[in-house]
Amino acid sequence: MNEPISFFSGFGPKDLWFLAQAAWQTLIISVLSISAGTVLGIFFGWILSESKIAGAITLGFVLDAFRSVPLIIQLVLFYNLFNVVGLAMNPFWAGVIILGVYTSALVANVARGGIEAVGAPMRRAGRSLGLSYLQTMQHVVWPIGLRAVFPSWVGVALGVLKDSALVSVLGHPELLKVARDLITRTQQPLLVLAVAGAFYFALSYPISRYAAHLERKWQS
Amino acid sequence: MIEIKDLHKYFGDLHVLKGIDLNVQKGEVLSIIGASGSGKSTLLYCINGLEAIQKGEVLVDGVSVHAKDTDLNKLRTKMGMVFQQFNSFPHLTALENVALAPKIVKGKSKAEAKEIARAQLEHVGLGDKIDNYPSALSGGQQQRLAIARALAMEPEYMLFDEATSALDPELVGEVLDTMRLLAEEGMTMICVTHEMGFARDVSDRVAYFHQGIMEEIGPPKQIFGEPTSEHTAKFLANVR
């Protein structure tokens with residue numbers, strides 16, 4: 001006699017492997033969107049710090065919008081908008097792009113603060129040595145200013161890593177999506193969520209440790 | 001030679017420099033004294049092109065600093081500048097602070113730039129601090145680092161903007177000694193200073209600034225001994 005087909009089965013070792021693969025997806029989404037968002041955000045922050053009027057009105061407004069609207073709304077809205085305007089892309093890339101832009105809006109403000117914290121005397125010192133404006137930025141203002149706000153940037157990066165869970169609404173099998181699927185199957189929400197949470201912690205903890213290490217190094 | 005002709009500078013409505021005429025010859029040490037707000041520091045910024053001017057002209061070896069087609073970055077390598085704030089780059093070691101501009105601006109190789117930096121740090125007496133970050137240096141050492149950083153570009157002129165004003169009294173001497181050393185080596189220097197002893201002993205000429213006007217200029221003996229302007233006399237009586 002055949003065994004009865006069961007739609008529900010307990011959490012097994014294989015599921016741990018599923019979650020590990022999903023954690024890998026979360027990591028890739030986060031690394032891509034944080035990297036792109038950071039580069040873009042520093043550029044935006046620089047523009048904001050330099051052009052007080054035009055920058056503040058146009059770019060500042062757009063970035064404020066991205067910072068103010070809940071990420072989950074942005075994800076659903078833009079993912080569908082991409083489809084409507086014929087830029088259909090899979091949930092992975094849509095997630096990376098939207099999360100990246102969101103990150104850049106957060107980083108822009110952090111970066112602006114750092115760049116503006118490097119005062120006129122320090123910039124004059126660079127220029128008086130014959131460095132051009134861009135050379136002064138590259139070798140003096142950015143290294144000093146961005147290091148000063150590095151702890152805030154780490155906060156943004158860890159936040160985005162956790163917020164990447166929202167990409168699950170687009171259906172990409174990242175950590176939270178897979179965890180929810182497993183809960184449906186195993187009916188063991190506490191266990192599955194605890195394991196998924198442990199994976200998020202395992203991704204975040206090395207970052208914050210490494211950041212702390214860098215800060216100590218720069219302070220000495 | 002530095003030639004300043006009928007230089008006017010405004011900050012908004014504020015007339016900061018009211019027609020300055022001044023020539024500084026190669027090898028000369030000029031000290032500029034005067035009360036705060038008399039325009040002394042602004043004059044240095046105008047010479048280096050860090051501030052725009054509204055009228056007149058500044059020529060450095062015949063090149064107009066404020067002309068549109070002047071390559072200011074190139075011209076500035078002729079003029080080292082030391083500020084009241086030390087402005088050491090905190091993310092670089094003493095050696096890297098000094099090596100930065102030769103490497104970036106003059107395109108020297110890493111090894112060459114380091115060699116120049118080492119030599120200049122020894123020149124100002126910081127040979128044993130090359131691997132220290134500025135945070136580990138005293139104010140006087142940071143200011144000497146700033147001097148070495150300017151010297152590394154092999155400037156023909158050195159501009160000092162109240163280089164000792166931000167220092168604790170016991171640290172002033174070491175910076176003045178370094179400036180004295182440069183003067184003895186024949187460096188052309190313009191020093192905005194509140195150190196009357198330095199102005200008297202080291203300068204070839206002393207200029208007194210009062211409310212945006214150069215009231216008088218002459219050898220230190222005359223300025224300190226028999227000033228012709230009553231403003232100068234009053235100022236000197238107050239600082240003594």
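A crossing of two helices is left-handed if the near helix is turned anticlockwise from the far one by less than a right angle, and right-handed if it is turned clockwise. With that in hand, welcome to this predicted model, where helix 4 of chain A and helix 6 of chain A make a right-handed crossing. Chain A also carries transmembrane regions according to UniProt, while chain B holds an open sheet of six strands and touches chain A through 19 of its residues.

**Two helices that cross in chain A**

- Helix 4 (residues 91-117) and helix 6 (residues 133-148) of chain A pack with their axes 7 Å apart, at an angle of about 125°.
- Angles of 65 to 115 degrees count as roughly perpendicular and those over 145 as roughly antiparallel, so helix 4 of chain A and helix 6 of chain A are oblique to each other.
- On the helix 4 side of chain A, the residues that meet helix 6 are A:Ala111, A:Gly114, A:Ile115 and A:Ala117.
- Their partners in helix 6 of chain A are A:Val141, A:Gly145, A:Leu146 and A:Ala148.
- By type, the residues of this contact between helix 4 and helix 6 of chain A are six nonpolar and two polar, with no charged ones.

**Transmembrane regions of chain A**

- An unreviewed UniProt entry places the feature "transmembrane region" at residues 22-47, 59-80, 92-115 and 190-208 of chain A.
- In the model, residues 59-80 of chain A are 91% helix and 0% strand, and the C-alpha atoms at the ends of this span are 24 Å apart.
- Residues 92-115 of chain A are 100% helix and 0% strand, with 33 Å between the end C-alpha atoms.

**The sheet of chain B**

- If you follow the open sheet of chain B across, its six strands come in the order 6-7-8-3-9-10, and their pairing is mixed.
- Strand 6 (79-82) and strand 10 (213-218) of chain B are the edge strands, each pairing on one side only.
- From one strand to the next, the twist averages 15°.
- Strand 7 (residues 157-161) and strand 8 (residues 188-192) of chain B run parallel and are joined by five bridges.
- Within strand 8 of chain B, B:Ile190 is the residue that stands opposite B:Leu159.

**Where the chains meet**

- The contact between the chains brings together 19 residues of chain B and 16 residues of chain A.
- Helix 2 (72-76) and helix 3 (94-104) of chain B are the elements that give two or more residues to the chain B side.
- That side of chain B divides into 10 nonpolar, six polar and three charged residues.

Technical notes:
Residues numbered from 1 in each chain as written. Chains lettered and ligands numbered in written order. Predicted model: local features only at pLDDT ≥ 70, side-chain atom pairs only at ≥ 80, totals over all residues. Contact = placed C-beta atoms within 7 Å. Helix = DSSP H or I, 4+ residues; strand = E, 2+ residues; numbered from the N terminus. Nonpolar A, V, L, I, M, F, W, Y, C, P; charged D, E, K, R; others polar. UniProt positions renumbered as here; feature names shortened; annotations may be inferred. Pairing = 2+ DSSP bridges. Axes fitted to C-alpha atoms, helices over the stretch in contact; angles between N-to-C directions. Parallel < 35°, antiparallel > 145°, perpendicular 65-115°, else oblique.
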